[in-house]
Amino acid sequence: MLVLGIETSCDETGIALFDTKRGLLSHTLYSQIEMHSEYGGVVPELASRDHIRRVLPLIKETLLSAKCGLHEINAIAYTQGPGLAGALLVGASIGAALSFALKIPALGIHHLEGHLLSPLLSTPAPNFPFIALLVSGGHTQLMQVDAVGHYKLLGETVDDAAGEAFDKTAKLLGLGYPGGAALSKLAKQGRAGRFKLPRPMLNSGDLNFSFSGLKTAVLTLINKQEITQQTSADIALAFQEAIVEVLTEKSLTALSRTGLTQLVVAGGVGANDQLRQNLSSKASAKGATVFYPELEFCTDNGAMIAFAGAMRLQASPDKIWSPASSFTVNARWNLEMLEEPDD
Ligand code: KG4
Ligand code: ZN
């Protein structure tokens with residue numbers, strides 16, 4: 001079964017073809033980051049217009065590189081939410097139109113379900129059940145993933161997401177937008193021990209996070225120093241150490257509380273080297289294994305949406321899926337409200 005995946009929830013247009021027998025055949029991505037960086041953040045209206053420009057050429061390119069024709073596609077999977085309403089509508093409308101024209105099913109996929117299942121695209125892949133640490137620009141959550149459609153929220157941020165904290169702190173350090181990767185690069189020149197920042201909610205007893213206070217602590221530090229390149233690097237390192245320690249400790253607590261031994265890290269912050277090193281060494285000391293999707297699947301992409309669609313189709317072999325006759329998007333959508341596949 002060949003599934004075309006369409007991701008347009010934020011500032012990346014991602015298209016992919018996933019075949020249930022042959023795996024991922026091709027995928028393409030266009031990132032709008034350069035356009036938005038001028039404004040210091042994503043401008044929703046510009047995002048929607050750019051998705052309109054990119055989506056059809058990318059679909060053609062993806063089909064061409066997989067040497068597939070439109071008529072070989074058996075189903076469409078598009079991101080239905082959460083995300084920017086206008087941006088989501090672009091992917092949903094093209095997905096529904098293709099479904100209607102080709103008389104094939106269209107599945108509206110939850111963006112975070114895509115992230116949660118994306119580690120299964122890599123080898124070695126985890127087996128169900130596992131814990132997922134979802135750390136992106138918009139989300140910071142610890143989830144228990146028992147099977148396709150069976151997700152339990154264990155904890156989440158009460159304010160800023162981890163990626164948002166990276167981006168806001170990077171901005172304070174003059175690193176541009178989005179600044180997570182640049183901050184992490186700067187931190188490599190930082191000297192450990194010069195500054196120590198708070199570890200918010202480390203001992204809260206639950207699996208929730210809070211990151212908005214960290215950027216305020218960074219701002220206070222910045223206002224007290226003469227900012228040289230070295231001081232910026234020292235602050236970047238202190239910030240990264242604080243966030244990495246909290247993410248690591250809470251992830252390990254999630255493993256020990258559930259008795260599970262596999263941890264999957266998904267979302268853009270999962271690209272952070274220090275987080276990867278720290279998580280892997282601490283988890284293996286406790287007999288657990290950490291899985292990271294390849295970098296291209298860590299950030300937003302179409303492959304995870306095509307894959308989530310294929311998993312849902314396979315999980316409900318007897319369900320009759322109809323071509324789309326209408327479509328909706330859910331800009332806000334709780335993952336736990338997601339329907340479980342019919343068996
Ligand atoms: O998952 P993602 O591509 O997009 C969504 O938010 O859905 O995540 C983007 C986030 C941004 O906040 C970016 O600054 C952060 O991931 N990020 C990083 C690194 N690379 C990307 N944060 C820390 N270290 C990195 N190396
Ligand atoms: Zn995402």
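## The zinc site

How are the donor residues of the zinc ion (ligand 2) spaced in sequence? The pattern is H-x3-H-x184-D. Within that pattern, His115 and Asp300 tie together distant parts of the chain, 185 residues apart. His115 belongs to helix 4 (residues 111-117), while Asp300 sits in the loop between helix 10 (295-298) and helix 11 (303-315). Please keep in mind that this is a predicted model.

The coordinating atoms are NE2 of His111, NE2 of His115 and OD of Asp300, at 2.0 to 2.2 Å from the zinc ion. The site has four donor atoms, and the angles among them run from 92 to 143 degrees. Its geometry is irregular, because a tetrahedral site would need all angles between 85 and 135 degrees.

Are His115 and Asp300 buried or exposed? His115 is buried, at a relative accessible area of 1%, and Asp300 is buried too, at 13%.

## Polar contacts of ligand 1

A polar backbone atom of Gly137 is 2.7 Å from one, and a backbone N or O atom of Gly180 is 3.1 Å from one. Asp300, a donor residue of the zinc ion, also has a side-chain N or O atom 3.2 Å from an oxygen atom of ligand 1. Of the 560 Å² of accessible area that ligand 1 has on its own, the protein covers 84%.

Technical notes
Residues numbered from 1 in each chain as written. Chains lettered and ligands numbered in written order. Predicted model: local features only at pLDDT ≥ 70, side-chain atom pairs only at ≥ 80, totals over all residues. Heavy atoms only, no water. Polar contact = N/O pair within 3.5 Å; in protein donor to acceptor, adjacent residues only side chain to side chain. Areas by Shrake-Rupley, 256 points an atom, 1.4 Å probe, with all protein chains shown as cover. Donors = N, O, S within 2.8 Å, 3.2 Å for Na, K, Ca; no water. Tetrahedral: all angles 85-135°; square planar, octahedral: opposite > 155°, others 65-115°. Helix = DSSP H or I, 4+ residues; strand = E, 2+ residues; numbered from the N terminus. Buried < 20%, exposed > 50% of the residue type's maximum accessible area, 1.4 Å probe, protein only.
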